[in-house]
Amino acid sequence: MASRKLTAKMYIEIEGKDVLWYEIDEDGKVTWHLPKEEGKKYRDRMLKNIGEQMSRYAYAHPESL
């Protein structure tokens, strides 16, 4: 059985538009499309949003914990 390799693309919202931040190919190589410094400006806001969304999900789906 052949294994399937996946790629991941990370977008970040900048001024209301989704912009490709970086992508990871099937071999694990990361390609940055924005300077890392630009992404760091938005990282804290993204982490806060992720935390809030995960908290909402966990509250709504306690069986998932």
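Predicted model: local features only at pLDDT ≥ 70, side-chain atom pairs only at ≥ 80, totals over all residues.
Residues are numbered from 1 along each chain as its sequence is written, and side-chain values use heavy atoms, with hydrogens and water left out.

Reader: In what order do the elements of the chain run from the N terminus on?
Author: Helices (H or I, at least four residues) and strands (E, at least two) are taken as DSSP runs and numbered from the N terminus. From the N terminus on, their order is β-β-β-α.

Reader: What is the radius of gyration of the chain?
Author: The radius is taken over C-alpha atoms, and the globule rule is 2.2 Å times the number of residues to the power 0.38. The C-alpha atoms fill a box of roughly 45 × 35 × 15 Å along the principal axes. For a compact globule of 65 residues the radius would be near 11 Å, but for the chain it is 15 Å.

Reader: Which residues make up the largest nonpolar core?
Author: Such a core is a set of buried Ala, Val, Leu, Ile, Met, Phe, Trp, Tyr and Cys residues joined through side-chain atoms within 4.5 Å, where buried means under 20% relative accessible area, exposed over 50%, and partly exposed in between (1.4 Å probe, protein chains only). Of the 65 residues of the chain, 11% count as buried. The largest core has six residues, namely I12, I14, W21, L34, Y42 and M46.

Reader: Which elements give two or more residues to this core?
Author: M46, one of the core residues, touches M10, I12 and W21 when residues up to four places away in sequence are not counted, a contact being heavy atoms within 4.5 Å. The elements that give two or more residues to the core are strand 1 (8-14) and helix 1.

Reader: Which residue forms a salt bridge with E52?
Author: A salt bridge requires a side-chain nitrogen of Lys or Arg within 4 Å of a carboxyl oxygen of Asp or Glu, and by this rule the count comes to one. E52 is partly exposed because its relative accessibility is 31%. The two partners are four residues apart in helix 1, so about one helical turn separates E52 and K48. With the closest N and O atoms 3.8 Å apart, the partner of E52 is K48.
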